Amino acid sequence: MKGVHRGKFLTRCRLALAANVLGVAVALALVWVPEIRLYWVGPTQVSDDDVLRARTVPSLLTLAEIADQSLLVLIEPLDMRDPSRLKQLGEGVLSGSVHLAGRSVATLPFPFRAAHLDGGLPGHQLQIAGLAPLRLLLGAYMATHDQRFLDAALRETLAFDQVDAWRVVPRGLLWNDHALAARVPTLALLWSLVRQRDDLDPAAARSVLELADRTGARLAKPELYNSRTNHGVMQNIALIQLSVAFPTLPRATHFKTVGCTRIVKQMRYYIDPDGPVLEHSAGYHEFGRELLIKAMRVFELSGCPIPPEWPQLLERVNEFSHLLQRPDRTLPVFGNTDHAPRTVEESVDPTQGPVPASRLYDVAGFAVWWRGTETWPQTQSLSQTVVTWSNFPSRAHKHADDMAIAIWAHGRSWLTNSGYWPYGAAGLEDANGWRGSNAPHFLGESARVVRETVLLGAGTSRSVSAIDLERRLQRGASVRRQIVEIGGSTWIVLDSAAGKEVPLVETLWTTMPEIKVQAAGDRQFVLLSNDSTATARLIFAGPLASVPSIRLGSLVPFGGWTVRAGRPTPAPAIEVQQRADRMP
């Protein structure tokens, strides 16, 4: 009988163990199966015939054009006439010290391995997943014709393909929408350089094409489509690029159909019919303009019919760009925008002033006023005033800068906002919040507060421009800003607020690193330019709660920063607090 009882006991133990194992398995399946299904695209089916035909079509000129349509910023703008710099960057990849996006060096042992996806700064990870090291190797080869770099580029790609092919869930930004899109022009460039080599291993050729095919399959997957921002635009452009650069892929026609269909729908809300790209940023307006130009070109290359409204839309996009761009190639800083000068696109002539010189975009939420454009590009009498109050549901690149103002005059910025703070760096949340802009806000107000800004009135004459805005919150609280610009030399800003719960309103008036701020009494400050005789004076009046103070490079509390070329730089800011002076 003891043996029988023992057998029953062991049976119960086995059943309990099996139940536990089954429970764990079910729990794991519930967690991981949806993740696997989200990214799963099935096996690639690139045949020998697909590879053979891809070695002759499309033309090398077409591949080169797709390769030039980069969707990723690598480092400082590469000068293809500087072979020594390009060689240096390629050698850096081979030695494991990679220069990416103008930031600090990333330590990435050559060739690629999965651990690279987790390394470096957050800004590096997008570059790595987007094949930036491969692009640097190809740039070094084109500059030097040193076969080492091309051989290394192929090794880097095959190593990347192995990681991409065998993973079932993402690691780092491996399958990030932007990273996937950014790979396509680089793969086109690689293929243009290796496809005619007599010593090209057929297995290696198939791996390159299979990587391109899997990339397209994920870009086309509805569940991975980012339809709300420029990432979706890039996904669609990359799909069409794939269909043009790799027409022999089994899914090439599908990629083209998906890309062309989706982007036509997306352009209807990505860009305002009056011209501004609806992403809360001067810098991302320019990026969106570049994407529209790329989209029109890949439509031509692929045979997709260009929507009849796009050419006129591009004209209006260019018009807004012309209003934003200054003779020194800088942009007014609001949202995720950098203070560094930009490369001027051919579609905007920097030698000519904008026409019209001032414009109100009441739906997009911008006002731009120029003075002195008749002497353009001479800066002595030029001034630009930009006011922003846009806040769209996507919140793409949005900062808490509703009703912020940017003033540029006599060739320099005088009042600005902090700008495009690097991801992962200390201070990011504050830089994107109210204290990173000069917008008036309640003391301690969250950047995520539900709000609506209403345009109460605006007007422009030959010598005066004015605007009246009110930002409304719940429970009757509101902040109002009225701005009057006179002749490009005088600005009057009237801030008022109504709110019982938080009676104090604050504003940080940020200047530039090249400007020295001196107090000239309790309520007056003189702004002195370090490199010219130009000066400005700020005078504060009204129900101030305390004497205004100067902050410089402070993280706690945040204040006194601008970002240039991706690097936060201390810049003087005047902190002002006032009492809410209207009843809610």
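A565 is placed in the loop between β20 (561–564) and β21 (567–570), where strands (E, at least two residues) and helices (H or I, at least four residues) are DSSP runs numbered from the N terminus. Although A565 is not a glycine, its phi is positive, at about 55 degrees. A565 counts as partly exposed because its relative accessibility is 44%; buried means under 20% relative accessible area, exposed over 50%, and partly exposed in between, with a 1.4 Å probe and protein chains only. H410 also has a positive phi, of about 50 degrees, and is not a glycine. H410 lies in the loop between β6 (404–409) and β7 (412–415). The relative accessibility of H410 is 41%, so H410 counts as partly exposed.

The model is predicted, with local features requiring pLDDT of at least 70 and side-chain atom pairs counted only at pLDDT 80 or more, while totals for chains, interfaces and linings use all residues. Residues are numbered from 1 along each chain as its sequence is written, and side-chain values use heavy atoms, with hydrogens and water left out.

The protein contains 14 helices and 22 strands. Along the principal axes, its C-alpha atoms fill a box of roughly 90 × 80 × 45 Å. Of its 584 residues, 52% count as buried. Among contacts (heavy atoms within 4.5 Å) with a separation of 6 or more, 66% are between residues 24 or more positions apart.

An open sheet is formed by four strands in the order β9-β10-β11-β12, with antiparallel pairing; two strands pair if DSSP finds at least two bridges between them. The edge strands, β9 (452–460) and β12 (490–498), each pair on one side only. On average, neighbouring strands of this sheet are turned by 10 degrees against each other, direction ignored, with axes as lines fitted to C-alpha atoms (for helices over the stretch in contact) and angles running from 0 to 180 degrees between N-to-C directions. Strand β10 (residues 464–472) pairs with β9 in the antiparallel sense over eight bridges. T460 has S465 in β10 as its bridge partner.

Two cis peptide bonds are described here. The bond from W376 to P377 is cis, with omega near 0 degrees, and P377 lies in the loop between β4 (366–371) and β5 (383–388). The bond from V57 to P58 is likewise cis, with omega near 0 degrees, and P58 is in the loop between α2 (48–54) and α3 (60–68).

Not counting residues up to four places away in sequence, R195 touches A54, R55, T56, V57, P58, S59, L60, L63 and L200. R195 is buried yet has no salt bridge, and D198, the nearest side chain of opposite charge, is 12 Å away. Lys and Arg count as positive and Asp and Glu as negative, whereas His and the chain ends are not counted.

The structure holds 33 salt bridges, each a side-chain nitrogen of Lys or Arg within 4 Å of a carboxyl oxygen of Asp or Glu. One of them joins the side chains of D164 and R214 at 2.7 Å, N to O. D164 lies in helix α7 (residues 147–166) and R214 in helix α9, so this pair ties together parts that are 50 residues apart in sequence. Both D164 and R214 are buried. D164 and R214 also belong to a network of salt bridges that links D161, D164, R183, R214 and R218.

A salt bridge is also formed by the side chains of R435 and E506 (3.0 Å, N to O). This pair links distant parts of the chain, 71 residues apart, with R435 in the loop between α14 (428–431) and β8 (441–442) and E506 in strand β13 (residues 504–510). R435 and E506 are both buried. The side chains of E445 and R471 meet in a salt bridge at 2.6 Å, N to O. Here E445 is in the loop between β8 and β9 and R471 is in strand β10, 26 residues apart. E445 is buried, as is R471.
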